[in-house]
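Please keep the sequence and the coordinates at hand while reading.

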Amino acid sequence: MSKVEIFTKGHCPYCHRAKALLTQKGVEFEEFEIDKHPELRPKMIERANGGSTVPQIFINDQHIGGCDDMFVLESQNKLDTLLAN
């Protein structure tokens, strides 16, 4: 099973959409709420190569981007392959 990490904020609709897609697929993920833990924000930005918006999603330590990026992978039938590794 893949290691999935997602950096989020509580009020973020894109974060909720991304988490809903992962949950719908039965994928467990580790969530880092940067509004509750702002000390994690610099780590997120560094890992996301400067990406400062949320969500920032990582699968097996590979940065895949945000919610829209994940939905593009899903529409191209590539997300399941990433999640299966």
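The model is predicted: local features need pLDDT of at least 70, side-chain atom pairs count only at pLDDT 80 or more, and totals for chains, interfaces and linings use all residues. Residues are numbered from 1 along each chain as its sequence is written, and side-chain values use heavy atoms, with hydrogens and water left out.

Two aromatic pairs occur in the structure. Rings of Phe, Tyr and Trp (its six-membered ring) pair if their centres lie within 6.5 Å; planes under 30 degrees apart count as stacked, over 60 as edge-to-face and the rest as tilted. The ring centres of Phe7 and Phe32 are 4.9 Å apart and their planes stand at 25°, so this pair is stacked. It links distant parts of the chain, with Phe7 in strand β1 and Phe32 in strand β2 (residues 30–33), 25 residues apart. Helices (H or I, at least four residues) and strands (E, at least two) are DSSP runs, numbered from the N terminus. Phe32, like Phe7, is buried.

For Phe7 and Phe58, the centres lie 5.8 Å apart and the planes at 75°, so the pair is edge-to-face. Because Phe7 belongs to strand β1 and Phe58 to strand β3, this pair ties together parts that are 51 residues apart in sequence.

A charge sits over a ring if NZ of Lys or CZ of Arg is within 6 Å of the ring centre and within 35 degrees of the ring normal. Arg47 lies over the face of Phe58, 4.1 Å from the ring centre. The charged end of Arg17 sits over the ring of Phe71, at 4.2 Å from its centre.

The largest nonpolar core has 15 residues, and Ile59, Ile64, Met70, Leu79 and Leu83 have the most contacts inside it. Such a core is a set of buried Ala, Val, Leu, Ile, Met, Phe, Trp, Tyr and Cys residues joined through side-chain atoms within 4.5 Å. Two or more residues come from each of β1 (4–8), α1 (13–24), β3 (56–59), α3 (67–75) and α4 (79–84). A second, separate core of nine residues includes Ile34, Met44, Ala48 and Val54.

β3 and strand β4 (residues 62–65) pair in the antiparallel sense over three bridges; two strands pair if DSSP finds at least two bridges between them. Ile59 has Gln62 in β4 as its bridge partner. The two strands β3 and β4 form a hairpin with two residues between them, and Asn60 in the turn has a positive phi of about 50°.

Conventions. Buried means under 20% relative accessible area, exposed over 50%, partly exposed in between (1.4 Å probe, protein chains only).
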